[in-house]
Amino acid sequence: MTDASPIRHDWTRAEAQAIFDQPFNDLLFQAQTVHRQNFDPNKVQRSRLSNIKTGGCAEDCAYCSQSARNGSHLPASKLIEVERVLSEARRAKEQGSTRFCMGAAWRSPKERDMDQLVAMVEGVRAMGMETCMTLGMLDDDQVIRLKGAGLDYYNHNIDTSERYYPEVITTRTFADRIDTLNRVREAGIKVCSGGILGMGETEMDRIDMLLALANLEEHPDSVPINQLMPMPDTPLADAEPVDGIDFVRVIALARILMPKAHLRLSAGRTAMSEETQALCFFAGANSIFSGDVLLTAENPGEDKDSVLFGRLGLEPMELGETGAR
């Protein structure tokens, strides 16, 4: 085994482009080498994502069916009851998930919701699971309360490159996203942040999105890479699907730029063949969302994932296991 690749935060676009442009076999070999230096290549983390508040979001994200501003007609709901969330978490743990992620469709939490959110985090933590939330932008007081409750991870995707960002979202800026990531990290909560492929971005936008994450002061602990699942009535409902080889190239580059991050093969797996998913795991993906639904989108489900894991000889990480070498 060769020495582990150094952790860098000063990657240049030219360096990233050169890595990305390698012959496919060379790129995958480099990514798999980096992966083996840092993780058990046959262990995959399984997380569960629960939708704790649906629809009515004030943001205009062009990909999202939960926006109240982009043409979707998904009805809005209130924040669901704490015990219902905890019941879902118990079931997720029984089915092998080690991290429970809770997502709410809004621009940022309101003060009246914080007690419930804190109770959710405390309850899931009491089960011995890792906790993650995605609630939009946070202020300093909200971050402190969530940290005090024991929140392990905060998800806040940057979605795409800074250049292309205004083409997808106009109700907040790319800088707003980075500010929230910095606020969460400085409070001692681990960062989960990635992006979405297939929104009309260029190859360079995809590379720049990864560079924005890789050149943060600290790499995100988790980096979800999503393939757009076009939602009816949204501006991106007719978006062209991402080429499978191009998607795998992005996974490989992410692994090389952020060697110790858990790289999550996230939304869009229902549109991928088992062969494409297998290539993603070989390229360095080592985390997935389990279950039949991701917020409002379909997901392969426990049974299909178990069959695929069996075919590939993959094993789920256990509670408390990082998969790190």
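## Charges over rings

R8 lies over the face of W11, at 4.1 Å from the ring centre. Likewise, the charged end of R99 sits over the ring of Y153, 3.5 Å from its centre. A charge counts as over a ring if NZ of Lys or CZ of Arg is within 6 Å of the ring centre and within 35 degrees of the ring normal.

This is a predicted model, in which local features need pLDDT of at least 70 and side-chain atom pairs count only at pLDDT 80 or more, while totals for chains, interfaces and linings use all residues. Residues are numbered from 1 along each chain as its sequence is written, and side-chain values use heavy atoms, with hydrogens and water left out.

## Aromatic pairs

The structure holds two aromatic pairs. Rings of Phe, Tyr and Trp (its six-membered ring) pair if their centres lie within 6.5 Å; planes under 30 degrees apart count as stacked, over 60 as edge-to-face and the rest as tilted. The ring centres of Y165 and F174 are 5.7 Å apart and the planes stand at 80 degrees, so this pair is edge-to-face. Both residues, Y165 and F174, are buried (under 20% relative accessible area, against over 50% for exposed and in between for partly exposed; 1.4 Å probe, protein chains only).

For F281 and F309, the centres are 6.3 Å apart and the planes are at 90 degrees, so this pair is also edge-to-face. F281 and F309 are buried.
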